[in-house]
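Have the sequence and the 3D view open while you read.

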Amino acid sequence: MKVLMFGWEFPPHIAGGLGTACYGLTKGLTQHNVEVIFVMPKTFGDEDQSRIKIINASEVEFDARYWKEHLFEHQVSFIEINSQLVPYIGLDDYYHIINQLKSDVFQSAESGQKLRYQFSGRYSENLLVEVQNYALVAAELAHTQTFDIIHAHDWLTYKAGIAAQQISGKPLVVHVHATEFDRSGEHNINDIVYAMEREGMLAADAVCAVSDFTRHIIIEKYGVPEEKVFTLHNAVEFGNKEIKRTRPLKEKIVTFLGRVTFQKGPEYFVETAKKVLKYDNNVRFVMAGDGDQIQHIIEYAAESGIADKFHFTGFLQGDDIETLFGMSDVYVMPSISEPFGISPLEAMSAGVPVIISKQSGVSEILQYAIKVDFWDVDAMADAIWGILHYPALSEMFSACGKQEVHQLQWANTAARLKEIYKQLLHL
Amino acid sequence: MKNICFHFQINQPYRLRTYRFFDINKNHDYFDDFQNSYLTNRLAERCYLPANEMLGKLIKACPEAAFSFSIAGSSLKMFETYCPQVIDSFKELFKTGRVEFTGSTLTHSLASLHNKSAFLEQVRLQETLLKQFFDVKPSSFCNTEIIYSDEMGEWLHEAGYTVVLTEGAKHILGWKNPGYLYCNPFCTELKLLLRNYQLSDDITLRFEDKSWDQYPLTAKKYVDFLNGIDHTAPYLNLYMDYETIGEIHPKESGIFDFFDTLIHLLTASKNYRFILPCEVEKSQEKISTMHAPWPISCSGEEKDTAEWLGNEMQQEAFEQLYKLEPLYLNSTNAEAKKNWLRLQAADHFHFMSTKWLPQSAVKRNFDVYPSPYKAFINFMNVLNDVKIELEK
């Protein structure tokens with residue numbers, strides 16, 4: 001079995017959890033004898049190609065005009081690109097970019113002329129241009145490569161997936177790692193992104209969701225028939241590296257790690273900190289990460305009079321994350337809407353007890369975690385207090401949590417995915 | 001002739017409300033009055049009142065029928081507060097002379113697993129309460145979740161008990177048959193009546209189990225089961241939660257009709273004689289010893305105490321709880337003392353159990369916590385406040 005897979009990023013050059021998930025999934029698939037051709041807009045040459053073949057879309061020559069017309073016949077619509085958007089940034093930044101942009105990016109090429117398009121592969125201002133050119137590359141690849149099934153990760157690649165599906169006639173699986181509702185919240189939905197997500201989901205022969213939480217959104221908000229939506233929980237891969245526990249301060253440390261955006265619920269973390277600090281001065285709260293809400297949160301913490309016990313580290317990577325986990329006594333993820341949420345698993349792997357919001361996909365698969373509603377700051381404060389003051393609880397979480405996350409294997413997720421493939425191929 | 005002993009256990013704990021750490025040392029109001037009142041009334045309506053009525057009628061129709069009860073003091077107190085007609089109904093039933101109230105712990109406590117003095121305090125307080133409500137002094141005893149060990153047997157004998165009801169646990173009995181009377185090996189005057197858990201569970205666990213090959217269970221079929229066991233064994237002891245009648249199996253399942261018919265069939269048969277635990281006291285037959293070096297209970301397949309003390313949280317909470325015993329003994333704060341006793345209820349520990357997907361279907365009903373962790377944190381918060389109150 002051979003899969004033509006479209007992604008947007010791949011380790012080590014990643015902006016979020018998408019690339020990591022793609023890497024784990026492809027690795028798991030190869031363990032089950034599924035061959036993977038992984039296409040991405042731009043490669044850097046240092047990706048792990050030991051198991052899968054990676055195609056750099058920037059190096060594929062394609063006849064843009066031919067494929068555009070051809071796809072048009074297959075009812076694949078191309079929108080006029082004069083609207084710009086970038087995911088993973090806040091609204092403030094977003095409008096800033098919109099205002100700066102000019103609408104002269106529409107490109108066309110002579111008929112019969114083969115060209116390459118130099119993708120940036122980033123979440124840049126030219127995103128929609130890239131998305132559409134990526135679909136043209138996909139059409140070219142669907143024509144030249146041999147494969148049995150197509151798999152597209154997140155909305156940026158759905159158009160490519162549909163193009164490949166139309167040209168090859170092979171079944172399409174789209175994989176939903178996040179929806180516009182997770183990124184922008186209920187009332188700030190970007191219509192273009194929503195439309196492209198929905199188009200991909202409806203065109204797909206099967207839709208994979210990273211959690212039941214996301215599956216529910218797909219069915220309810222996108223109107224996708226539920227019989228073709230499957231939950232495929234993410235897994236996580238850990239090195240053998242043991243994270244050293246250190247205790248540099250006399251106070252206990254409670255950590256938030258993630259993008260500081262509205263959807264991650266940073267405000268609830270501050271609110272909780274206020275409650276705990278009122279009764280226990282022997283705690284420090286750390287917010288690691290950056291985002292459009294950071295300014296606001298810093299001001300809020302200062303206003304609340306807890307700035308001496310509430311710390312900001314900015315964006316952390318690699319070793320710094322491990323050091324922070326090594327120091328932490330509790331990890332809190334108060335997300336308002338989290339399709340999956342891999343970082344609690346990393347915390348647990350480091351032996352840190354975790355408190356996660358019920359509005360997260362990862363809460364569906366964890367037993368050794370305290371689950372609270374993101375808005376229930378009393379419950380969150382109580383849970384933090386419990387872990388900090390009742391050692392039996394933290395000891396149990398530390399030991400059992402570690403064990404639990406190490407049982408989450410990509411190979412198991414991939415096995416389930418292979419079953420879905422088989423079903424689509426009538427094998 | 002087989003002696004058949006029906007024993008019903010009643011316990012509902014004082015359920016805790018959500019008690020946050022910022023309530024500690026501020027607010028000593030730990031119990032969820034609404035929930036406690038609601039559940040007591042619900043159980044009274046569905047189970048205690050109609051079941052008492054049925055048993056009263058049965059005793060009238062078949063005077064040889066007899067039933068034994070152990071009612072935790074905390075339940076009696078809740079009846080008194082929320083639903084006093086249940087007390088009257090039991091008093092009425094007791095007047096028939098065919099009903100026994102055995103001794104038990106006051107608050108469905110696990111104290112017997114911790115130490116003698118805390119346990120006997122519970123036993124003594126329960127005796128006071130039984131005297132007050134029914135004017136009886138029990139001579140037989142049914143511990144929380146029928147927990148028993150050799151050592152506990154000795155303590156109970158010291159406290160004046162002569163008969164103890166416990167589990168016919170296979171791993172303790174080995175080849176021995178639970179249908180005989182046994183005694184404590186170190187204190188042979190203490191007699192043991194062992195539960196036949198297969199036949200008891202046929203009713204409590206399997207009565208409504210559609211996947212059971214014997215479903216549906218009729219009274220006639222059940223009597224056939226009883227007739228099918230070893231004829232020579234003189235005792236058949238069926239112990240169950242009273243809530244089996246009407247709550248665990250609702251009225252619509254036919255459980256009332258089942259019991260009604262069953263008792264009629266058994267009293268009509270020449271093969272069975274109803275007995276009460278206290279009647280065994282005077283029995284002169286030769287009996288063998290049963291050695292229980294470690295505690296047994298009615299829990300799960302293992303018949304051990306892991307359901308309440310199986311994980312670190314439960315053990316920690318348990319230790320912290322009994323650390324307060326000296327404070328309890330020295331305190332003059334009656335309210336705090338009462339609360340310390342109430343916190344001993346086995347249910348609080350059960351709620352902290354991490355036996356995932358619990359098989360113990362019977363006991364999981366009315367679980368008020370979304371997770372065992374919340375149960376633990378909540379309990380510990382309350383315990384900390386009780387501690388402060390006892391220290392004052």
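Predicted model: local features only at pLDDT ≥ 70, side-chain atom pairs only at ≥ 80, totals over all residues.

**Where the chains meet**

Start with chains A and B. On one side, 21 residues of chain A are in contact with 18 residues of chain B. Putting the two chains together buries about 1,800 Å², and carbon and sulfur atoms give 68% of that area.

There are charged partners here too: the rule finds 2 salt bridges across the interface of chain A and chain B. One of them joins Asp376(A) to Arg20(B), with the closest N and O atoms 4.0 Å apart. As for polar contacts, the count between the two chains is 6 residue pairs.

Which elements of chain A give two or more residues to the side that touches chain B? They are α9 (266-279), α13 (377-389) and α14 (391-406) of chain A. Of these, α13(A) gives the most, with 7 residues. Sort the residues on that side of chain A by type and you get 15 nonpolar, 2 polar and 4 charged.

**A helix in chain B**

Now move to helix α5 of chain B, which covers residues 150-158. Which of its residues are buried? The buried ones are Asp150(B), Met152(B), Gly153(B), Trp155(B) and Leu156(B). As a bit of background, an α-helix has 3.6 residues a turn, so residues three or four places apart point the same way.

What covers the buried residues of α5(B)? The cover includes one helix, α4 (116-134), along with the strands β4 (140-142), β5 (163-167), β6 (182-184) and β7 (187-195), which also belong to chain B. After α5(B) comes Gly160(B), and its phi is positive, near 100°.

A disulfide is a covalent bond between the sulfur atoms of two cysteines. How many disulfides does the structure hold over all chains? The count is 0.

| Cysteine | Nearest cysteine sulfur and its distance |
|---|---|
| Cys5(B) | Cys278(B), 9.3 Å |
| Cys83(B) | Cys47(B), 12 Å |

The cut-off behind both calls is under 20% relative accessible area.

Terms used
Residues numbered from 1 in each chain as written. Chains lettered and ligands numbered in written order. Heavy atoms only, no water. Disulfide = S-S within 2.5 Å. Contact = heavy atoms within 4.5 Å. Buried area = accessible area lost by both parts, 1.4 Å probe. Salt bridge = Lys/Arg side-chain N within 4 Å of Asp/Glu carboxyl O. Polar contact = N/O pair within 3.5 Å; in protein donor to acceptor, adjacent residues only side chain to side chain. Helix = DSSP H or I, 4+ residues; strand = E, 2+ residues; numbered from the N terminus. Nonpolar A, V, L, I, M, F, W, Y, C, P; charged D, E, K, R; others polar. Buried < 20%, exposed > 50% of the residue type's maximum accessible area, 1.4 Å probe, protein only.
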